[in-house]
Amino acid sequence: MEDFHKLFYEEAGDLINSLEENLMLLEEDLSNTEVVNEVFRIMHSLKGSGAMFGYDNLSHFTHELETLYDKVRSKTIPLTTHIVNLTINSIDHINAFLKEDDNEDIINKGKAFLQQIELSSSKDDKTEVNEKSNLTDNDKIKPQLNKKLYLIQFEPNPDILNDGTNPLYLLDELSDLGDAIIKTNYKNLPQIEDLDVDKCYFKWEIILSSTESRTTIEDVFIFVADDSHLEIEIISEKDVFSVADVEDKIKDLFLNNKQSIKGIKKLIKLYEADVVEAEEINDEVVVSVGKEDTLPLIQEAKQETTPRSNVKIPEAIKIDTVKVSSKKLDSLINLVSEFVTTQARLHNIASSNKSVELNALSEDFQLLSRQFRDVAFEMRLIPVHTMVVKFKRLVRDLSKSLGKKVQFIAEGTETELDKNIISSLSDPIMHIIRNSIDHGIESPDKRLNSGKAETGTIKLKAEYSGAYILISIEDDGAGIDQEIITKKAIEKNLIEESAKLSKDEVYNLLLLPGFSTSKKVTDVSGRGVGMDVVKRNIDDLRGEVNINSEKGSGTKITIKLPLTLSIIDGLLVGVNNSKYILPLTSVLKIYKVSNAEIENAYKNIIDIEGIQYPFINLTDKFADAHKDKSVNHFITVNYHDKIVGLIVNELYSEYQAVLKPIDKLLKHTEMFSGASILGDGKVAMVIDTNKLITHFTN
Amino acid sequence: MTDNTSNINSYLCFKLGNEFFAADVRSTLKILQLSEITKVPHAPTNMKGVINHHGNVLPVVDLNQTLELPISEVGSNTCIIIMSVGGEKETISIGAIVDEVLSVEEIADDSIKDPPTMGGNHKLDYIKGVFENNDLFVMVLDIDKIFENTSLQNN
């Protein structure tokens, strides 16, 4: 049962996400009926699955919202910005229910909220009293116009009860959609001695007369559809039951098994002829009863339902995506990691062995393991888009509460990142956006005064850059005042008063622990956790944060992240008899240099093929008791926009390194991003070239 | 009778230099022979490097140096005790080099005395208490505390 709750929780999370997204769309375009339908559908799913998993209060809450949107859908009430706003706020209540369904406090708050909603929908009603009274009249007629007759055959999986699903509830829900004649089929019921009380032996045949679309009916069974046998068939597009006595006749024939289903279908077709007349009469009624403006309304409703049922029910549903729990993906990645490590051992043995066959096999394995790794990683990639909804919501809520006008633009959201990176990235970005709205974007009049557009802009952009992903958050706000930062840093004893700092160095001060420039403590930011937390979070992902700002015109914060977290292609090198791994992505070229060249180098700059490279001699920097001076290789690597050389003793091979996290105890040794286990069982440290160079040049 | 008076716990006793120490067996995971340790440049001096332990990379520290005791030579009895340290929130595994592992003793809580308040070269707050075993004084270490705020993190 635990598992099912988790499943529900995950599913609800997805639903809420897409709910938020749709509501944002709706806020922009109130007339978008597609989206209204989607919101309705989500509320319905939340209600249904909530009830199934015992979240009764959640279910009740969403039921009310569903009703509201049903009214909107049927145009009984018009959709207003106010309603959309309320619905957006309702998401918080839904989230609260998800966490603690039976918390009195939450229930009461939810109730109060529902009253608010009721009030707003009735208020809207009053403004159109006339129309409404007409509509209530029409309500009686309209459904008859659209009523269809469905035959539903439902045979649940015998084990359905084990999942905590009570099929009777589903039937109840079905009955809510219209007039249902339900027949239970006992054929499969075994003899009492063979009866397993945990199994469900029944099938049901239902004739449903309803105005709802087929999709809505399918939605009732949405959680059991996968392992149940379900057939929904429209046996008549017309409301056959409106013809006198037909309903009773059919009921009698159907329930008492006097007619087979086939027979009943035929019978209904026969009665259809009678309906046409009735329908025509009804149409006349509409014209005479309804005022002029209600007629197009009905036609509109008609038009909408037809294409929807046509479009949304493809003949055969093609499944091209499979939902897999991230836990399974994680264990797949773990297995791949072990596979790669084992392959390294095989390679180790093969290379010390003269057997050609073994070596060929080992090489094949290496190739396979690389492909295997890439495919496994690809599976974990999800688009940046998935977290953007949250940001939109944040910008919307926060700018409102601060009385600022802010628009949020997201670019390149189709860029894909490892799921684990995305999930640890969302908090830092939230923080940056919060900062931008709170400190960056000015109030509307201030902006107008300084000649800017009234509405501020925050732009999030994601893009690939080699083996990295760049995510930038840019605002057109007030920018960062370097003087204030310097002053504050001196105040806080972070720098010497006489220190002369470059622009970048000043901005980097912001990343130091305990630095917050806001003049007052606001609810939003400045609660002691600042950019240093952002930096730490990004560090944990082996990424980098870079701040750039122009006073008066805005701030841009760029986050640079590696594409994957756990396995990298590396270059295995030796320094002073220890092995290290350099990430291949940052390696450019390898040259051979002599000892003399290194020793004669002036200011650590060496001339190779006419180009001068600054370099770091790792044999010096990593030396302890002994220093190996034997062979020197000069490896050029990318360092931001420069090229820097690293000097090592040995070059071994290319190496697929499974990154093992190094413990917190080693965290201060930032120049290593992790460690990797070699084929012989020994450990090699993996060098983070950027951080290593920064460490030794500062 | 309260629970405290009757509790008997097991302690792993080991030697650092000429002195005897003990750690609660519940925080010790395994004893390994001293194998090759991969050096980590620019790590604190008491941190000897990392080892591969069942596919995980563990840091290894010299317990002598961590407790600011005289450095001892590596001998045939030198081993690594894998310990689990940390608070309730998260625990990490760490290898500690000791000069010799002696025995596991079962000691009742009430026979562990408070640590001496003065004298000795040891950082006293790392010592939970002292007990006597075969006429020898054994100091019980507070493993979590040792690694909570040692130079390992702050260097």
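Biologist: In what order do the elements of chain B run from the N terminus on?

Modeller: This is a predicted model, in which local features need pLDDT of at least 70, side-chain atom pairs count only at pLDDT 80 or more, and totals for chains, interfaces and linings use all residues. Residues are numbered from 1 along each chain as its sequence is written, and chains are lettered from A and ligands numbered from 1 in the order in which they are written. Helices (H or I, at least four residues) and strands (E, at least two) are DSSP runs, numbered from the N terminus; chain B has four helices and ten strands. Their order is α-β-β-β-β-β-α-β-β-β-β-β-α-α.

Biologist: What share of the residues of chain B count as buried?

Modeller: A residue is buried if 20 or more other C-beta atoms, placed from the backbone, lie within 10 Å of its own, exposed if 12 or fewer, and partly exposed in between. Of the 155 residues of chain B, the buried share is 34%.

Biologist: Over which residues of chain B does pLDDT stay under 50?

Modeller: pLDDT is the predictor's confidence in each residue, from 0 to 100. Chain B averages 82, and 84% of its residues score at least 70. Where pLDDT is low, the predicted coordinates should not be read in detail. In chain B the stretch under 50 is residues 150-155.

Conventions. Two residues are in contact if their C-beta atoms, placed from the backbone, lie within 7 Å.
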